[in-house]
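Please keep the view open while I talk.

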Amino acid sequence: MAATISIGLAGLGNVGAGVYKNLERNGDLLAERTGHRFEVVRVAVRDLGKARDVEVPAARLTTDWRDLVADPAIQVIVELIGGVTEAHELVKSALEAGKIVITGNKALLAEHGHELIALAEKMDVPLYFEAAVAGGIPIIKSVREALVGNHILAIYGIINGTSNFILTQMARRGIDYRTALAEAQARGYAEADPALDVNGWDAAHKAIILAWLSYGLWVRPNEIVVDGIENVSAADIRLAATLGYTIKLLGVVRLHEDRRIEVRVQPTLIPSSHILASVNDVFNAVVVHGDIVGETLFYGSGAGQNATSSAVIADLADAAHNLAKNPGCQGFLPSGYYGQAVTVDETVSPYYIRLRVEDRPGVIAQVTSVIARHDIGLSSLVQPKVEGGGPADLMLMMHAAPFGRMRAALGELEKLSCVTEKPILMRVENFA
Ligand SMILES: NC(=O)c1ccc[n+]([C@@H]2O[C@H](COP(=O)([O-])OP(=O)(O)OC[C@H]3O[C@@H](n4cnc5c(N)ncnc54)[C@H](OP(=O)(O)O)[C@@H]3O)[C@@H](O)[C@H]2O)c1
């Protein structure tokens with residue numbers, strides 16, 4: 001007879017409802033595979049009167065998640081309320097009560113992961129978070145378990161579905177950022193407030209978690225470079241395409257030779273021939289380079305009710321195994337084998353610059369002399385034909401240089417009298 005695992009589910013929104021529904025749907029399969037039945041015995045929500053697409057007996061509902069933590073019968077708490085402050089309090093109290101915790105909350109982990117993992121270790125209970133990075137793609141388990149024998153040399157990820165949808169639509173249809181964002185909202189891909197998706201921070205939270213898993217180092221949010229897609233224009237996408245590049249919001253986590261770690265999330269030009277360039281719409285993909293395994297690729301749905309609840313259910317199976325066979329075991333936890341974060345100014349890459357300039361003689365000489373003064377190599381300069389006079393775009397592809405040097409050059413370029421708008425700077429990633 002399958003033993004029952006009693007779950008307290010905090011949050012019955014998009015993901016929480018998916019967990020509830022899919023545990024019912026595949027309960028028999030799970031019982032056969034894991035030897036356990038998973039029963040959601042209490043559910044915390046904010047609003048008891050809200051219409052929902054899952055039917056939960058009224059007696060199981062509460063508006064106070066503390067009821068879940070205080071219930072001695074509950075063995076596992078699933079935190080899916082989102083946000084940071086209250087979720088932090090919830091996860092902390094659940095761990096302190098000795099309960100296994102599962103969360104999909106990347107913002108919480110990026111901000112408080114250091115403290116929460118230490119607390120879980122101290123209390124000798126596991127904290128699982130497969131759903132926190134790339135939704136349904138099993139990237140946490142893969143890095144944590146399957147690739148444990150590798151030095152992770154680099155991780156490259158398209159890890160925000162909303163931004164990827166927007167950039168895909170802009171590239172396919174030549175539409176501008178605002179129109180593509182409105183479409184993402186109309187289709188339910190972007191939140192009413194899409195800030196964290198489009199400003200790069202949702203992806204950055206995930207990159208911070210991947211960096212910790214790979215290197216045992218919690219990089220602080222102020223140590224990483226994060227730019228969103230708000231300033232990417234249809235013109236940049238078109239111009240990049242003429243040079244054989246596709247613009248993606250790319251998360252990069254990379255090990256330097258001195259064992260320091262680089263973490264950044266920025267709109268980046270990647271070769272259109274690279275496999276990540278064909279990851280379109282709301283899909284996510286993560287490339288992991290290990291020193292033994294070489295290159296591995298993970299692709300799938302990075303968000304959404306079913307995909308994300310699949311990841312939570314995988315954590316529930318681990319929790320059941322833990323309770324039955326190995327109570328208290330944390331599994332592999334990365335430690336501080338590697339060093340500190342690389343500062344932004346030290347990060348090196350090639351760059352793309354678009355300058356809007358007056359269309360008159362001498363402009364190119366002024367621009368190239370600034371670049372030469374900062375000792376940065378120029379690999380190509382293109383000036384697309386301007387119809388009927390007026391300002392022109394200059395598109396420059398620069399050789400690899402430290403960001404600090406590039407930033408100084410850009411500051412000078414911006415001040416040139418011939419430059420009429422704030423220059424656009426983007427990284428180029430050749431995956432070398
Ligand atoms: N959506 C995705 O595709 C996705 C993917 C990966 C990870 N995640 C993460 O999963 C978490 C949940 O996301 P979601 O999209 O499911 O959010 P959501 O749809 O906004 O649902 C949040 C749920 O939490 C409840 N809630 C909020 N504050 C509460 C409180 N103080 N006490 C009790 N209940 C509370 C809400 O109650 P009411 O229903 O009564 O308002 C709602 O049911 C977030 O951390 C998110 O980052 C989401």
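I will go through the cavity, then a pocket, and then the helix pair.

Before anything else, please bear in mind that what you see is a predicted model.

Which residues line the largest cavity? They are Ile 155, Tyr 156, Gly 157, Ile 159, Ala 207, Leu 210, Gly 251, Val 253 and Val 286. In terms of class, the lining of the largest cavity consists of seven nonpolar and two polar residues, with no charged ones.

Let me turn now to the second largest pocket, which holds about 440 Å³ of space. This pocket is lined by 18 residues, of which Asp 227, Asn 231, Pro 423, Ile 424 and Leu 425 are the closest to its centre. The elements that supply two or more residues to its lining are β10 (261-271), α14 (403-415) and β16 (424-428). Domain 2 (139-301) and domain 3 (347-428) each provide at least three residues of the lining of this pocket. By class, the lining of the second largest pocket has nine nonpolar, three polar and six charged residues.

Finally, please find helix α7 (residues 161-173) and helix α8 (residues 177-186), whose axes come within 9 Å and cross at roughly 130°. An angle over 145 degrees would count as roughly antiparallel, and 65 to 115 as roughly perpendicular, and α7 and α8 are therefore described as oblique to each other. As for handedness, the crossing in which α7 passes α8 is right-handed.

Note on methods: Residues are numbered from 1 along each chain as its sequence is written. This is a predicted model: local features need pLDDT of at least 70, side-chain atom pairs count only at pLDDT 80 or more; totals for chains, interfaces and linings use all residues. Side-chain values use heavy atoms; hydrogens and water are left out. On a 1 Å grid over the protein atoms alone, a cavity is a set of points where a 1.4 Å probe fits but cannot get out, and a pocket is an open set with protein on both sides within 12 Å along at least five of seven lines; lining residues have an atom within 4 Å of a point. Ala, Val, Leu, Ile, Met, Phe, Trp, Tyr, Cys and Pro count as nonpolar, Asp, Glu, Lys and Arg as charged, and the others, Gly among them, as polar. Grid points are joined across faces, edges and corners, and a volume is the space filled by probe spheres set on the points. Helices (H or I, at least four residues) and strands (E, at least two) are DSSP runs, numbered from the N terminus. Domain bounds come from an automatic or database domain assignment. Axes are lines fitted to C-alpha atoms, for helices over the stretch in contact, and angles run from 0 to 180 degrees between N-to-C directions. Angles under 35 degrees count as roughly parallel, over 145 as roughly antiparallel, 65 to 115 as roughly perpendicular and the rest as oblique. A crossing is left-handed if the near helix is turned anticlockwise from the far one by less than a right angle, and right-handed if clockwise.
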